[in-house]
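Please walk me through this structure. Keep the explanation brief and define the terms along the way.

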Amino acid sequence: MSHPRPTPGLQRRAALAASGWIALAATAFPGGSPLRWIPVLAFVVLAPGLALMLPQPLGLRPGARLEALALAAPVSLSVATLTATTLFLTKSFSPTLFLVVLALFVSVTAALPGVPLPAATRGAVERDGAGAGGARGFPRPRRRRAGGGR
């Protein structure tokens, strides 16, 4: 009996959910080792934002993939800043607890549908309905006659 193969979307969600726990496991390496700081840095900078945006129900258009990746870093850093600030204010900050909280956040968020992105459902420029107003809704410029007059 063959087992059903997981879909690419499910594989991406599982990899995203596992990334936090991999980053947490990487803290077992010595302090200055690239095997420690590269996974942790990549996780903190990208994973929370990608978990919030990428599980789109219909997938992303090619232009929206770049938009999601460009937006993932600031969103991730915002979530990390809120998490660190909350842990500092409750006087319970530690790097391990910080990574555990972020890993839990990413694991739960990766299972939920992503935040809808405007470019995920349409192109950057609306091409259909290009009537008298042109493709972007702006009036078309008048052409001058050969003599410079109107």
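Phe 98 is buried, at 12% relative accessible area. Buried means under 20%, exposed over 50% and partly exposed in between, with a 1.4 Å probe and protein chains only. This is a predicted model: local features need pLDDT of at least 70, side-chain atom pairs count only at pLDDT 80 or more, and totals for chains, interfaces and linings use all residues. Residues are numbered from 1 along each chain as its sequence is written, and side-chain values use heavy atoms, with hydrogens and water left out.

Phe 98 belongs to one aromatic cluster with Phe 88 and Phe 93. Two aromatic pairs turn up in a search of the whole structure. Phe 88 and Phe 93 are stacked, 4.4 Å centre to centre with 15 degrees between the planes. Phe 93 and Phe 98 have ring centres 5.9 Å apart and planes at 45 degrees, so this pair is tilted. Rings of Phe, Tyr and Trp (its six-membered ring) pair if their centres lie within 6.5 Å; planes under 30 degrees apart are stacked, over 60 edge-to-face, the rest tilted. Phe 93 is partly exposed at 32%, and Phe 88 is exposed at 53%.

Now the helices. Helix α1 (residues 8–26) packs with helix α4 (residues 95–110) at about 175 degrees, axes 8 Å apart. Helices are DSSP runs (H or I, at least four residues), numbered from the N terminus. Axes are lines fitted to C-alpha atoms over the stretch in contact, and angles run from 0 to 180 degrees between N-to-C directions. The two helices are therefore roughly antiparallel, the term for angles over 145 degrees.

Notes
Parallel < 35°, antiparallel > 145°, perpendicular 65-115°, else oblique.
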